[in-house]
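Student: Before we discuss particular contacts, could we look at the model together and then work through it by question and answer?

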Amino acid sequence: MADASLSLPAPRRVGLLARWETTPFHLFCAATVAIFLIAFLIVPVATVVFVAFWDGQGFTLVHFADFFRTSIMMEATWNSIYVALMAVVVATVIAVPLAYFTVRFKFKGAALIQTLGVIPLVMPPFVGAVAMQLVYGRNGSINLLLMDWFGFRIPFMEGLNGVIFVQGLHYFPFILLNLSAALANIDSAMEESAQNLGASGWTLFSRIVFPLAMPGYIAGAALVFAKVFDDLATPLLLNVNNMLAPQAYLRITSVGLADPMGYVISTILVLLSVLAVWLSLLSLKNRDFATQQRGGGGLSKRELRPWEKIGAYVFIAVALLLALSPHIGILLLSLGTIWSFSVLPDAFTFKHYLTVFRDAGGMMGNTVLYCGLAALIDVVLGTMIAYLVLRTKLPGRQIIDQIAMAAVAVPGLVLGIGILRVYFDVKMPFSGESVATFWVMLAIAYAVRRLPYALRSCTAALQQLHRSLEEAAECLGADKSAVMRKIVVPLMAGGILAGFVTSFATAAVELSATLLLVTRDASAPLSYGIYVYMQSPAGRGPGAALGVIAVVVVAVATWAAYRVAERDRAKRTREGAAA
Amino acid sequence: MIRLAALSFAAIFAFTGLAGAQALEERVSIVTSFSRDVTTPFVEAFQRRHPGTRVEIQNRSTTAGVSFIRETRSNPPDMFWASAPDAFEVLKKNQLLQKYTPRAEGIAPRVGPSPTHDPEGFYFGFAASGYGIMYNTRYLRANNLPAPKEWDDLKKPVYFGHIGISAPSRSGTTHLTIETILQGEGWDKGWATLLEIGGNLVSVSDRSFGVPDAVNSGQYGLGIVIDFFGLSAKASGFPVEFVYPSVTTIVPANIGIVAGARNQRAAQAFVEFLLSEEGQLLLLDPKIQRLPVRPATYARAPQGYPNPFTDPSLGRRVTFDGDKSEARYELVNSLYDRLITFRLKELNEAWKAIHAAEASLARRDNAEGRRLVAEARRLASALPLTEAEAGDPAIAGAFQERRPDRPVAARQAEFEERWDAFARRNYAEAKSLAERAARAR
């Protein structure tokens, strides 16, 4: 490849910047990202986590040695790794066919499937737990029916296999979203060439299509792994203690206890998650996935034969029914009166929704505002980081990527305490309100915790984008920021959108940092409302109703985002065709 | 007589004088772990009584609440309002609460085994709660299980796989129940009971709501919970019942004024309101269902409402030694987690084998079998340390925060690893002995 920069008249690049293939615009991006990460991730977390390295007088590693000497910790480590790997397998089995069907074939309602595919990510705190138990628990609807009809139970929710089952159902959207975006980016010329050479069916898929979409799949799979590895909600719900995340949680959240082991476990979680993502990136190294796509791109869509159609619809119906059954459970819970040891609630009522609408109107708006802002911050930062890592040789760019990724394993409570500790005494100009409890801080906390999702999606999207497109633009006189705005970002749109949606959806139900940073009902998001209701047995119905509202809000936002993206893509394809 | 009249006159004068001299502040902010069902009636009634003052409720879990108050010293919320006495102890030790002497009269000085208010005046009990067994009646009927009455009932083989509890390290009230059993039955016998019940447990929840949630929805049949979880679920229409065993403890739920509170007078007025006749009466609300600390209020309670001041079975059997409890607080939590929470599967298997062996012995009795079962029972309820060791600062200190005034103990992680190995070895051996006993003839 000819060095396009040679033909560039401006800007003048000398010395280090040239060697790093970096421009002042890149430096600006790097500085923005670094300041954000230092201010809102590193400093707050460090003020809390230093206990792991502290023995009362000075620096120590003795707590880490203790970790490796403790058999329950080693057992927990292996269990966590095993569960995370198996959850990736389960998620793959569900997500790959769904993604392929919707992108590859002419399907009615592909957007609907994509939207429904996001919903499993939105598991409202507590309500989700209760609903899962009511559907899959050992005396949940399914097992009660099985007992009645066949006299046996299936232990869906027991032990490590239960965790794998629930996590696989919960997090397959990570793969679905990223893989769909990657598949949609494949140049159909590749496929046509393969077909000309006689490839079709499984060969075409396994040799050409899937390998080209690999960055998207790997991004999704790495996220599933990291998320399952660090996830707390599911082991807690299933009362599985011998995994790392619940071990850390048990120690960190004990009232008033400064047990260093909790922070040791958190640190190890961070390191192992980063390692997993690094390994996944390594597997993509030295391979080129970029195609010089023509504007719209994407696989050619074909009609399914009738029997194929039936097969595909049956698969989709079963997969979505499985994945959405907790949400059906939440819906029933929100409409039911008493639901106890029975297949369905005793009776149905709308009164929970009336209760909720009386006092939760503002929460809906707050959730959209905070999570929208957080997701926006995430995709902006994610795009910047991806660009720095893949397109420049700026020293330390990998470290920025890894630090941003580490946020996946930082417990919300730790981040919340850290933010309070650092920012509580900083006052807002004019109002004099503390910066830590100002609502924007909540959006920032969400942005920090969900940044890894957007980052992986953006990285995958950029990996598929051929450098020559940018170089062509630069030859035509565009400067770096114009290239970014007019070429890179539009062509990455699919991946950016996937990142936005995952960040938004998962932020909508984040609770642990929320509980620390919300100080007024008027500025509280839906997840706080759900928490408040779910503390009493009488609040189960209204809590579930709020949960349903949270799911609907996310679904509508996701659907709207797809509509915008589709219209955008259609416009670009038309322009491409006209050109 | 005259002196008494003068005193009470002085008290009334002081009270009205103070209230008259300075109006309450416009707002008072309260961090609480209580649900809206509990807080709203109090807030509304208080605002009716003091129209100029607005109460702002911030709902946080107990842990988040304690962290929030610790991190916001410079401009803290005014009050902390929650159940767990240990959370208030933590705040008090960190000098995050301020002293106050409530003026309300007619409050019992003690409720259950402990004083109603913190003896040093940093937090105040406004309601009492007891621990007991909550069960789902539909579940019991479907599984043909008898209703339990005592802790010992939960040891019976019929309840194998039907009972849930929350870990004492996660729930201050579960901790108190454990400690009550340990003090009521003695260290060794108490742990034996806990381990035998542990053999029947289906889960040890990390969330304190996890247990009532699971019993309400029938995931398992019986849960060891604090009374208001059971009573308020029943009042909300769930098919559940709640019983107090005779060895139980009554603990006060508390409120305290945060050190450096901006709205002190309003905060004090809120404390007084909770303790007033009107405030105490609100506790009888079916959605709240806590036990008033003003004995006179029980006269207006519905038939059958538990009354710790007249009912001898409620919290009277055990005299609770607070110092003993505090010295080994963290150690007991950790020991419970090592022996039961984290090794539940192994413990279940050991006791299942013991139950099976005992059932087969009942069919054909023999000395060898009995000897093996007795040995298995001994192993499945053995302890890695004695009561004296548990109270020894050199050991218990390893589980506490490092402080200059405490001797440097060995590391927590070392003890925990030893106990874990102890538990695994004993449970595996108990299981194999019991299996041999079942085959013995």
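Student: Which residue forms a salt bridge with Arg138(B)?

Tutor: A salt bridge here is a side-chain nitrogen of Lys or Arg within 4 Å of a carboxyl oxygen of Asp or Glu. In this predicted model, the closest N and O atoms of the pair are 2.6 Å apart. Arg138(B) lies in helix α5 (residues 137-142) of chain B and its partner in the loop between α15 (306-335) and α16 (351-359) of chain A, so the pair joins two chains. The partner of Arg138(B) is Asp346(A).

Student: On what conventions do such values rest?

Tutor: Residues are numbered from 1 along each chain as its sequence is written, while chains are lettered from A and ligands numbered from 1 in the order in which they are written.

Student: Is Asp346(A) buried, partly exposed or exposed?

Tutor: Buried means under 20% relative accessible area, exposed over 50%, and partly exposed in between, with a 1.4 Å probe and protein chains only. Arg138(B), at 22%, counts as partly exposed. The relative accessible area of Asp346(A) is 43%, so Asp346(A) is partly exposed.

Student: How many residues apart are Glu196(B) and Arg377(B), which form a salt bridge?

Tutor: The closest N and O atoms of this pair are 3.2 Å apart. Glu196(B) is buried, at 11% relative accessible area, whereas Arg377(B) is partly exposed, at 26%.

Student: Which residues have the most contacts inside the largest nonpolar core?

Tutor: A nonpolar core is a set of buried Ala, Val, Leu, Ile, Met, Phe, Trp, Tyr and Cys residues joined through side-chain atoms within 4.5 Å. The largest such core has 297 residues, and helix α4 (residues 71-104) of chain A gives the most to it, with 16 residues. The residues with the most contacts inside this core are Trp187(B) and Ile340(B).

Student: Against which helices do the buried residues of α21(A) pack?

Tutor: Helix α21 spans residues 467-475 of chain A, and its buried residues include Ser468(A) and Ala473(A). Just after α21(A), Gly477(A) takes a positive phi of about 100°. The buried residues of α21(A) pack against α17 (361-391) and α22 (480-491) of chain A.

Student: Over which residues of chain B does pLDDT stay under 50?

Tutor: The mean pLDDT of chain B is 86, and 91% of its residues reach 70 or more. Where pLDDT is low, the predicted coordinates should not be read in detail. The stretch under 50 in chain B is residues 9-21.

Conventions:
This is a predicted model: local features need pLDDT of at least 70, side-chain atom pairs count only at pLDDT 80 or more; totals for chains, interfaces and linings use all residues. Side-chain values use heavy atoms; hydrogens and water are left out. pLDDT is the predictor's confidence in each residue, from 0 to 100. Contact means heavy atoms within 4.5 Å. Helices (H or I, at least four residues) and strands (E, at least two) are DSSP runs, numbered from the N terminus.
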